[in-house]
Structure formats: structure tokens, C-alpha cells
Amino acid sequence: MTEPILRVSDLTVRYGRRLATRQVGLELAAGEVLGLVGESGAGKSTVGRAVVRMLPECARVEAGAIRFRGRDLLAVSEAEMRRRRGADLALVPQDPLSALNPVFRLGVQATDALRIHRGLSRREGEREVARLLARMGIPDPIDILRRHPHELSGGMRQRVLLAMAFSCEPSLVVADEPTTALDVTTQAQILRILQGLQAERGVATLFVTHDLGVVAHLAHRVAVMYAGCLVEVAPTADLFRAPAHPYTEALLNASSGAPTPTSGAGGSPRGDDGPWSALTDAPCACPFRARCPRRLAACDEAMPLLREIAPARRVACHLHG
Amino acid sequence: MNGKLVTGGLVVALLLALALTGPWVAPHDPNRQDLGQIRTPPVWAGGSPAYPLGTDSLGRDLLSRLLWGARVALVVAASSAALAALIGVPVALVAGYTRGHVDTILMRVVDVWMSIPAVLLAIALMAVLGLGLWKVVLAIVVVDWTRFARVIRGEALALREREFVEAARAVGLSPARVMVEELLPNLWPLVIVLTSLEMAVAVGVEALLSFVGLGVQASVPSWGAMIAEGRGYLMVGWWGMGLPMLALVAAVVGFNLLGEGLRERLDPRLPTAA
């Protein structure tokens with residue numbers, strides 16, 4: 001792999017007393033799509049937010065570094081961060097309705113990035129965004145930009161948000177569950193558009209989602225998180241063919257509808273022994289042990305570390321020790 | 001359209017029209033004394049058609065004084081409400097958006113400020129400043145900017161958590177621009193409603209200050225001062241006190257209805273989007 005454009009290392013974030021992520025390390029090459037998957041509360045969004053440095057106020061980054069094009073984003077000033085956000089580091093938000101200011105026409109807000117970072121006028125910005133929208137197959141983009149957010153469908157709004165994110169030709173896009181608020185057909189269209197934009201411009205994308213199906217189409221590699229820890233990183237095809245971590249396996253089975261190996265053993269995912277206890281625990285056991293169908297003695301004694309089991313494949317599990 | 005908005009709007013519009021045209025409509029100089037026509041009753045109660053609403057104890061034409069008084073009331077109300085908004089809204093935006101210590105300090109100041117009885121503070125201020133229209137405005141602003149600060153800050157707090165604020169930050173907007181370009185436009189309806197309600201309060205306070213003799217100068221006809229003058233002769237001529245009171249009540253009720261009507265129409269508590 002060439003020098004990665006984004007390297008997250010040892011990222012540990014805490015919300016109050018709770019750990020949200022524990023020593024997460026990721027790399028993204030230029031033009032690569034990395035799917036970051038996991039269930040709610042696994043810490044995947046926290047990683048995504050940390051990259052654009054927009055964690056909620058109660059969050060504290062305890063350790064780690066986020067190197068983006070050679071600079072540690074956790075160390076730069078807020079002013080520098082503002083210059084980067086929207087310019088070479090863009091965020092596609094989750095809910096396309098609430099992410100748009102209800103009182104403005106779309107043309108006003110969709111051109112924000114271009115006006116701030118490129119110094120374009122609103123009119124020039126609108127032309128630029130309209131071109132992007134036209135390339136997405138929207139018949140009358142200028143008309144769309146003249147409307148207010150509530151006049152458009154969710155899919156249309158998300159297209160505008162995508163156009164916004166890509167308008168300044170960023171080198172990294174963080175997409176935080178961009179299709180979760182949409183219905184399935186719209187979801188597919190948006191993903192196709194995202195894929196098209198991504199491939200055409202060679203934009204590295206950190207795609208945060210809980211939906212493995214989405215990742216299968218879009219991502220080159222997949223990173224699986226569980227209880228704040230990275231449990232497996234693998235090229236997409238390999239991961240789907242032969243998941244190495246029992247949790248990944250359970251996730252795959254869950255999304256394919258097959259009975260999961262954990263459904264009997266683990267009980268309620270939020271039970272006393274669910275992943276949540278692992279977030280406050282000292283790291284002395286595998287966070288997944290309580291739900292794991294293939295638990296070993298070692299799982300109670302030590303937290304498995306992420307190690308390479310094959311080229312480009314890493315997994316944190318004692319089964320592969 | 002709702003009844004409150006229409007009624008309040010009509011009353012305020014009428015008031016505005018009278019205040020604007022007052023100098024031309026008024027039959028007499030409001031300060032001209034006709035000592036041969038002291039406490040003439042209104043024309044329907046047996047007065048003279050030269051003084052349609054009668055005269056006061058110095059023989060001054062009540063209609064003319066009421067019209068000029070409307071100008072005073074409206075100027076004070078509009079400018080003090082606007083100035084109070086001009087101070088309160090920025091304070092609220094900064095406090096609500098930045099939160100943390102800034103918010104704590106600003107809101108503590110507001111709390112302390114509001115704990116001082118408003119009328120007492122206004123009277124004390126006027127006693128120090130002396131009489132004058134703009135001093136009345138100043139006193140009202142000093143007393144009432146906290147209303148804006150408190151209410152708007154609450155709304156700003158709620159708005160800052162909305163995702164579009166986050167999205168704006170993700171595009172690289174600075175805090176100042178987020179406040180002005182993202183939060184403020186969403187707060188306009190609330191600001192307008194508050195301004196209208198504040199005008200009702202300001203009209204009342206101005207009348208009150210003039211009533212106790214701490215308002216505008218004696219040469220400027222003010223409803224409050226007219227009520228005070230008429231009070232002494234209530235038993236011999238009700239109109240001296242009753243008519244300015246009627247005008248005052250109409251104005252206060254009108255602004256309140258307008259504010260309430262606007263609130264229902266714009267309801268800032270409902271999300272603006274469909």
C-alpha cells in the first residue's frame with residue numbers, strides 16, 4: 001500500500017467515564033473506500049466524528065493520533081481545522097432533512113463550502129453544484145437549488161448534501177450512515193451516486209454504517225468494530241467469504257437472515273454481560289466473550305490484540321492466536 | 001389568520017396611523033391653553049365642537065394631546081423594544097451557542113438583573129438620569145433586555161443541537177458565521193413575537209414613569225402624565241383621566257394581541273420545516 005492519506009492510530013475516546021473507542025487504528029489509502037461497520041454504540045460514528053474533529057462536547061480524546069495528509073488533525077488549531085472541513089475533508093451527514101437549514105433555499109446552503117473555501121460567488125457556486133447534480137442524473141438542478149429543504153424528497157436532499165460534500169473536491173469524505181434515514185430503493189440510488197462520485201474523483205471515503213449489505217457493494221476494505229474495539233479488518237471479498245472473527249460471522253449471518261450462532265448463547269445484546277460492560281472494564285478480557293459461541297479459556301484472561309493473520313487481514317481474536 | 005392577529009394588527013395599525021398623521025389631524029396645538037374653556041366635556045356630553053374630546057384643567061385640547069401622546073408612546077415602544085432586542089439577541093446567541101463558562105456567566109448576570117424589580121430599577125434610573133424621552137427609552141432597555149436574552153438563549157440552545165448546525169460546521173463555517181447565518185434566521189419569528197410583546201410592556205412602563213412624574217418632560221404630552229393630571233379632577237371631569245387611560249389600555253392590549261397572534265401564526269416552538 002502506498003502512503004495512506006489517513007492514518008488513525010491508537011484512538012481512545014471517552015464519553016464521561018465510558019470508553020467509546022479503545023485504541024482504534026485504521027488506514028485509508030488515497031481513493032480507497034473503507035467500510036466501518038458495527039452495531040449501535042460500537043464506536044464507529046465516534047471514529048468518523050473524531051476524524052473531522054466534531055465529537056460531542058462530552059467526548060474526550062484520551063490518546064491517539066489522526067494523521068491526515070501528514071498532519072495530526074488532533075493537534076492542529078481550530079482555525080486550521082475550519083479551513084480543512086468542507087475543503088479537503090468533507091462530511092456527509094446522516095439525516096438529509098435535519099442537516100439542512102429549514103429557512104434557506106438549497107442554493108444558499110449548498111454553496112457554502114464553495115463560497116468559503118473557493119471564494120466563489122453564490123451564482124458561480126450554484127452553477128458548480130448544479131453541474132454536480134446534473135451529473136447525478138437530476139433533470140433540472142437549478143430548479144432544485146431554488147427550493148427549500150422541505151419541498152424535496154429525502155433522496156433529493158441527500159443528493160444535494162452529496163454534491164455539497166464533493167463540491168470542493170475533498171481528498172477524504174467521511175460518510176456517517178448517509179443512507180440510514182432513506183428507504184431501500186432511494187438508498188440504492190444514493191449509493192450508486194456516491195460510488196460514481198467516489199470512483200470518478202478518486203476520493204478516499206470512510207463509510208460508517210451498520211449495514212453490511214451497503215458495505216459489500218461500496219467498500220474496498222471493511223473494518224468491524226465491537227464495543228469500541230476494532231475486531232477485524234479485511235478486504236471486502238475476503239471478509240464476506242471467510243470472516244475470521246466470530247462477531248463478524250454473527251453479523252454476516254444476521255444480515256443474511258440465517259440463525260446466528262450467538263442468538264442462543266449471548267441472550268439480549270444489552271444484557272449485563274453485553275458489550276457495554278466492556279467499555280468500562282479494564283482491558284483484561286475479550287469484549288465479545290459473553291456472546292461468543294467459541295469462547296476459549298484465554299478469552300476471560302486477556303484482551304486479544306489485533307494481529308495480522310494473512311496479508312492485509314487483521315483480526316483480534318484468540319482463535320487466531 | 002386568527003382573530004388575535006387581526007384585532008391586534010388593526011389596533012396597532014390605527015395607532016400608527018394616528019401617530020403619523022397626528023400633527024396634521026390635531027385641531028389644536030397640544031400645549032395651547034384656553035383658560036376660558038377649562039375642563040370642557042367631550043362634544044357628546046355637552047361640550048363644544050371646537051374641542052371634540054373636551055379639554056383638561058388648563059384648557060388644553062384632549063384630542064390633540066392624545067394624538068401627540070400616541071407619538072410619544074409609539075416612539076418609546078418601538079425604539080426601546082428594538083434596542084432591547086439589539087442587546088439581548090447577541091448576548092443570547094453567544095451564550096446559547098458557545099455554552100460553557102460564557103453561558104454560565106452571562107446567564108447569571110441575566111438572573112441577577114431580572115431579580116431586581118423592574119419598576120423599581122426604572123424609577124431609580126429615571127431619578128438619576130432626569131426627565132426626557134430618550135432617557136425613558138434607555139431606562140426601559142436597561143430593565144428589559146434580559147427578556148430577550150433569556151428566551152432567545154433557550155431557543156438557541158435547542159437549535160445548536162440540530163444537525164444543520166453541525167453540517168454547517170462541517171463545511172467550515174466559523175462560530176460567528178454559524179450564529180449569524182444559521183441560528184439567527186431560525187430565530188427571527190421568535191424575535192418578532194418578543195419585540196411585539198415588549199412594545200406592550202414599554203408603552204405601559206413609559207406611561208407609568210410619566211404618571212409618577214419621572215418620564216418625558218412636561219412640555220411633551222404623554223398619556224401617563226395626562227392620567228396623572230386628570231386624576232385630581234376625576235370627580236368633576238372623568239374625561240381628563242378616562243380618555244388617556246382608554247388610549248393606553250387600547251395600545252397595551254393591541255400590542256399584546258398582535259404579539260400573541262404572531263406567536264400563534266409563526267409558532268417558534270414548532271419546527272419550521274414541514
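Analyst: What follows is a set of questions and answers on a predicted model.

User: What makes Gly261(B) count as buried?

Analyst: A residue is called buried if 20 or more other C-beta atoms lie within 10 Å of its own. Gly261(B) has 21 C-beta neighbours inside 10 Å, and therefore it counts as buried. Its place is in helix H9 of chain B, which covers residues 239–266.

User: Which residues is Gly261(B) in contact with, leaving aside its neighbours within four places in sequence?

Analyst: With those neighbours left aside, Gly261(B) is in contact with Asn2(B), Lys4(B), Leu5(B) and Gly8(B); contact here requires C-beta atoms, placed from the backbone, that lie within 7 Å. As for Leu248(B), which is 13 residues away from Gly261(B) along the chain, the C-alpha atoms of the two are separated by 20 Å.

User: Why are strands E2 and E5 of chain A said to stand at the edges?

Analyst: These strands belong to an open, antiparallel sheet of four strands in chain A, in the order E2-E1-E4-E5. Strand E2 (18–28) and strand E5 (71–72) each have a single partner strand, so one side of each is left without a neighbour in the sheet.

User: How do you know that E1 and E4 of chain A pair?

Analyst: Two strands pair if at least two bridges are found between them, and strand E1 (residues 6–15) and strand E4 (residues 59–68) of chain A are joined in the antiparallel sense over eight bridges. Within this pairing, Ser9(A) stands opposite Ala65(A) in E4(A). Helix H1 of chain A, residues 44–52, lies across E1, E2 and E4, and runs at about 115 degrees to E1(A).

User: What makes E7 and E8 of chain A a pair, and in which sense do they run?

Analyst: The requirement is again at least two bridges, and five bridges join strand E7 (residues 172–176) to strand E8 (residues 204–209) of chain A, the two running parallel. Ala175(A), for instance, has Phe207(A) in E8(A) as its bridge partner. Both strands belong to an open sheet of eight strands with mixed pairing, in the order E6-E7-E8-E3-E9-E10-E12-E11 (chain A). At its edges are strand E6 (89–92) and strand E11 (307–310), each of which pairs on one side only.

User: How many residues of chain A are in contact with chain B, and how do they divide by type?

Analyst: In chain A, 24 residues are in contact with 18 residues of chain B. Helix H4(A) supplies the largest share of this side of chain A, four residues. The residues on this side divide into 14 nonpolar, five polar and five charged.

Methods: Residues numbered from 1 in each chain as written. Chains lettered and ligands numbered in written order. Predicted model: local features only at pLDDT ≥ 70, side-chain atom pairs only at ≥ 80, totals over all residues. Contact = placed C-beta atoms within 7 Å. Axes fitted to C-alpha atoms, helices over the stretch in contact; angles between N-to-C directions. Nonpolar A, V, L, I, M, F, W, Y, C, P; charged D, E, K, R; others polar. Buried ≥ 20, exposed ≤ 12 C-beta atoms within 10 Å, placed from the backbone.
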